[in-house]
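Here is a short briefing on a ligand and the pocket around it. Keep the model open while reading.

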Amino acid sequence: MTFEPAQELPVAVLLSGTGRTLANFLKEIEEKRLPVRIVAVGSDRERARGLQIAAEAKIPTRVFKKSDYTGRAQRDREIFRWLQERGARLLCLAGYLSLLDLSSRAELPVLNIHPALLPRFGGAGFYGDRVHSAVLAAGEKESGATVHLVDEYFDSGQIVARIKVPVLESDDLVSLRARVFEAECNLYPRVLRWIAEGKLRVSAGGAFGESGIWEPVTVEEGEGDS
Ligand code: GRF
């Protein structure tokens with residue numbers, strides 16, 4: 001997928017919770033640092049705060065409650081149908097807690113951000129504060145965030161980029177969570193910029209750069225775009 005620099009990349013978002021990541025995208029868009037248009041926001045939870053953020057920004061929203069469908073395949077078929085109808089060319093998971101059935105995604109590439117340095121501290125059960133608690137309990141000296149393509153499992157798709165942050169001896173859940181989230185706010189929009197600018201091509205078949213398969217990039221905090 002390549003976009004002319006003048007175009008805005010039509011992106012859909014799925015979330016289950018606060019919508020902090022969506023709010024960060026919207027701020028970056030508002031401040032003209034992200035050539036992206038959010039075309040749809042879906043959720044598996046009707047009370048997700050992120051839906052209000054989307055509605056306030058006049059973005060179409062829809063809830064896909066598990067109990068309204070016969071199973072995951074039926075629900076996800078409906079999700080992908082709706083996102084494509086809205087013109088999405090990329091789907092970003094932003095705190096979406098259900099595992100997606102990708103068989104009906106057609107060509108839509110799906111990205112996720114995970115609040116740790118994958119492949120460590122990822123997989124089923126590793127979400128939210130559970131991730132940071134595990135990092136602290138393991139006595140890690142660094143943590144961070146990872147943007148990756150989504151496959152049929154939790155947190156195991158092709159890694160696109162990571163950002164590292166230190167874990168301090170004085171850290172607790174609150175301080176580590178905040179430091180990692182700040183780094184996420186840097187990393188996820190940066191990856192979207194690479195896609196919008198054509199430096200990174202993502203598809204259902206993988207992530208590719210100018211010279212072939214995309215190698216994971218580690219970005220430093222405070223580093224400018226390259
Ligand atoms: C982020 O920390 C992200 O890494 C993960 O979900 C979190 C955002 O979800 N995928 P929420 O807004 O806190 O529910």
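The points below cover the ligand, its contacts and the pocket.

This is a predicted model. The ligand sits in the largest pocket. Two or more residues of the shell around the ligand come from each of α1 (20-30) and β5 (110-114).

**Ligand shell**
- Residues G17, T18, G19, R20 and T21 are among those around the ligand.
- The shell also includes G95, I113, H114, P115 and E184.
- By class, six shell residues are polar, two are nonpolar and two are charged.

**Polar contacts and cover**
- A nitrogen atom of the ligand lies 2.7 Å from a backbone N or O atom of I113.
- R20 places a side-chain N or O atom 3.0 Å from an oxygen atom of the ligand.
- At G19, a backbone N or O atom is 3.3 Å from a ligand oxygen atom.
- On its own, the ligand has 360 Å² of accessible area, and the protein covers 80% of that.

**Largest pocket**
- The largest pocket holds about 800 Å³ of space.
- It is lined by 36 residues, and G95, Y96, L97, Y127 and G128 are the closest to its centre.
- G95 is also one of the residues around the ligand.
- At least two lining residues come from each of α1, β5, α4 (129-137) and α5 (173-196).
- The lining has 15 nonpolar, 14 polar and seven charged residues.

Conventions. Residues are numbered from 1 along each chain as its sequence is written. This is a predicted model: local features need pLDDT of at least 70, side-chain atom pairs count only at pLDDT 80 or more; totals for chains, interfaces and linings use all residues. Side-chain values use heavy atoms; hydrogens and water are left out. A residue is near a molecule or strand if one of its heavy atoms lies within 4 Å of it. A polar contact is a pair of N or O atoms within 3.5 Å; within protein, one must be able to donate a hydrogen and the other to accept it, and residues adjacent in sequence count only if both atoms are side-chain atoms. Accessible areas come from the Shrake-Rupley method with a 1.4 Å probe; for residues, only the protein chains shown count as cover. On a 1 Å grid over the protein atoms alone, a cavity is a set of points where a 1.4 Å probe fits but cannot get out, and a pocket is an open set with protein on both sides within 12 Å along at least five of seven lines; lining residues have an atom within 4 Å of a point. A molecule sits in a cavity or pocket if more than half of its atoms lie within 2 Å of its grid points. Helices (H or I, at least four residues) and strands (E, at least two) are DSSP runs, numbered from the N terminus. Ala, Val, Leu, Ile, Met, Phe, Trp, Tyr, Cys and Pro count as nonpolar, Asp, Glu, Lys and Arg as charged, and the others, Gly among them, as polar. Grid points are joined across faces, edges and corners, and a volume is the space filled by probe spheres set on the points.
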